[in-house]
Amino acid sequence: MSKNEVIIEMKNVSKRFLLTQGEVTVLQDISFQAYEGEFITLVGPSGAGKSTLLRLLIGLMNPSSGDIYYQGKLQKGMNDECSMVFQNFGLLPWLTVAQNIELGLESRIKDELQRREIVNRYVTKVGLEGYEEAYPRELSGGMKQRVGLARALAVEPSLLLMDEPFSSLDVLTSINLRNELLDIWSDRDNVVNTMIMVTHNIEEAVELSDRIIVLSNRPGKIVGDIKIDLPRPRRKRDPQFIEYVDRVFSLLA
């Protein structure tokens, strides 16, 4: 795909849940396109449906109305060309680092040696060398998130979705992982170079993104789609950087 091609698209998507107190609309009339090679972040208040939107994109749930298209084709069910990094790491505690990373490969690649080669490649890519036989309980939060990232990358998806991947990490670890994520995204030797991430951190969104999609309070609607026209690396004290932060904040407020 060329960089100008649409990789995934939502058309008039709404999502409703039937709860004990009645039907609740979480997302309403969401329409946007993500292009090949873009880094997009979704921001919005708590309860705006950001995580629900990611789950719709990957196919973990279906829209109540509207359609999702992946590479021009109507998406139904799970999208095997997407993978997701979760906020709470989502690691299986009884498996080692290498086994957790290998998990998504087992149904795709029968050759065990080939799976191990892929695991080793992504262990190196995210800086986990020497921790292959460690268990999650032995790792820091930052290391656990590296495992989650390696596991998502190992299946070599065309689209990577991330649900607040840095929110539970300390400031320094978060900065390091953001820089490493940008390196992975910008490395055109990687299969995945399109990323959509949920964050509450406006500065993080401006630092990382080509575009920021701003959602309103529930029911979540798109109230802004902002192109970030700044060279990388971005400096938080740059007046233009601060201007983008203020623009996003004003839409949220």
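This is a dialogue on reading a few features of one predicted model.

Me: What kind of model is this, and how are residues numbered?

Reply: The model is predicted, so local features need pLDDT of at least 70 and side-chain atom pairs count only at pLDDT 80 or more, while totals for chains, interfaces and linings use all residues. Residues are numbered from 1 along each chain as its sequence is written, and side-chain values use heavy atoms, with hydrogens and water left out.

Me: How many residues of helix α1 are buried?

Reply: Buried means under 20% relative accessible area, exposed over 50%, and partly exposed in between (1.4 Å probe, protein chains only). Helices (H or I, at least four residues) and strands (E, at least two) are DSSP runs, numbered from the N terminus. Helix α1 covers residues 50–58, and seven of its nine residues are buried. Among them are Leu53, Leu54, Leu56 and Leu57. After α1 comes Gly59, with a positive phi near 95°.

Me: Is Ser83 buried or exposed?

Reply: Ser83 counts as buried because its relative accessibility is 8%. Ser83 is part of strand β6, residues 82–85.

Me: Which residues is Ser83 in contact with?

Reply: Contact means heavy atoms within 4.5 Å. Setting aside neighbours within four places in sequence, Ser83 is in contact with Ile58, Ala152, Val155, Pro157, Leu159, Leu160 and Leu161. For Ala152, the backbone oxygen is 2.8 Å from a polar atom of the Ser83 side chain.

Me: How is a pair of aromatic rings described?

Reply: The description uses the distance of the centres and the angle of the planes. Rings of Phe, Tyr and Trp (its six-membered ring) pair if their centres lie within 6.5 Å; planes under 30 degrees apart count as stacked, over 60 as edge-to-face and the rest as tilted. This structure holds one aromatic pair. The ring centres of Phe39 and Trp185 are 5.9 Å apart and the planes are at 75°, so the pair is edge-to-face. Phe39 lies in strand β3 (residues 39–43) and Trp185 in helix α5, so the pair ties together parts 146 residues apart in sequence. Phe39 counts as buried at 0% relative accessibility, and Trp185 is buried at 6%.

Me: How many cavities of 30 Å³ or more are there?

Reply: On a 1 Å grid over the protein atoms alone, a cavity is a set of points where a 1.4 Å probe fits but cannot get out, and a pocket is an open set with protein on both sides within 12 Å along at least five of seven lines; lining residues have an atom within 4 Å of a point. Grid points are joined across faces, edges and corners, and a volume is the space filled by probe spheres set on the points. The count is one cavity, and the largest cavity holds about 60 Å³. Its lining includes Val85, Gln145, Arg146 and Leu149. Helix α4 gives the most to that lining, with three residues.

Me: Which residues lie nearest the centre of the largest pocket?

Reply: They are Ile58, Met78, Cys82, Ser83 and Met84, out of 15 lining residues. The volume of the largest pocket is about 330 Å³. Both β6 and α4 supply at least two residues of its lining.

Me: What is the volume of the second largest pocket?

Reply: The second largest pocket has about 170 Å³. Of its 13 lining residues, Phe166, Ser174, Arg178, Asn201 and Glu204 are closest to the centre.

Terms used
A polar contact is a pair of N or O atoms within 3.5 Å; within protein, one must be able to donate a hydrogen and the other to accept it, and residues adjacent in sequence count only if both atoms are side-chain atoms.
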